[in-house]
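Visitor: I would like to go through this model step by step. Where do we begin?

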Amino acid sequence: SERLLAGETPVVVEIPKATVFFSDICNFTSLANALAPDALLRWIGHIFRVVDQCAEYYDVHKIKTVGDAYLAVAGLPSRRSGSPSAGREEQAREEPTHA
C-alpha cells in the first residue's frame, strides 16, 4: 500500500510459493434453514473463530469471509519477520517439545 500511495505503478511482488485456501461449509443452506438465526450466527461465529486462531498460529493471512465461505493465503511474507512462514518457525523454536 505504501508503494501505491507513493505513486508507483504497477506494483508487482513476486511470491515464489503461496497457497490459497478456500473453504465452504457443505449443506450450509439446509443448515441455515433448520436453525434459528441466532443459533446459526453463534455456530458459524464459533467455526470462524477457530479457523482464525489456526490462521494466526500458522501465520496464514485471512483475506475474507462471505457467508459460509473463508478465503485465506499462506506462504506470503510473514507479518512477523518478512519471510514466508518465518513467524511459525520462530514460534516452533520457542515451544517445548514432548517425547
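Predicted model: local features only at pLDDT ≥ 70, side-chain atom pairs only at ≥ 80, totals over all residues.

Guide: We begin with a definition: two strands pair if DSSP finds at least two bridges between them. Helices (H or I, at least four residues) and strands (E, at least two) are DSSP runs, numbered from the N terminus. Residues are numbered from 1 along each chain as its sequence is written.

Visitor: Over how many bridges do β2 and β3 pair?

Guide: Strand β2 covers residues 61-66 and pairs with β3 in the antiparallel sense. The number of bridges over which the strands pair is five.

Visitor: Which residue in the turn of the hairpin has a positive phi?

Guide: The hairpin is formed by β2 and β3, with two residues between them. The phi in question is about 60°, and the residue is G67.

Visitor: How many aromatic pairs does the structure hold?

Guide: Rings of Phe, Tyr and Trp (its six-membered ring) pair if their centres lie within 6.5 Å; planes under 30 degrees apart count as stacked, over 60 as edge-to-face and the rest as tilted. By this rule the number of aromatic pairs is three.

Visitor: How far apart in sequence are the parts that F48 and Y70 tie together?

Guide: The pair of F48 and Y70 is tilted, at 5.6 Å centre to centre and 45° between the planes. F48 lies in helix α3 (residues 37-57) and Y70 in strand β3 (residues 69-74), so the parts tied together are apart in sequence by 22 residues.

Conventions: Heavy atoms only, no water.
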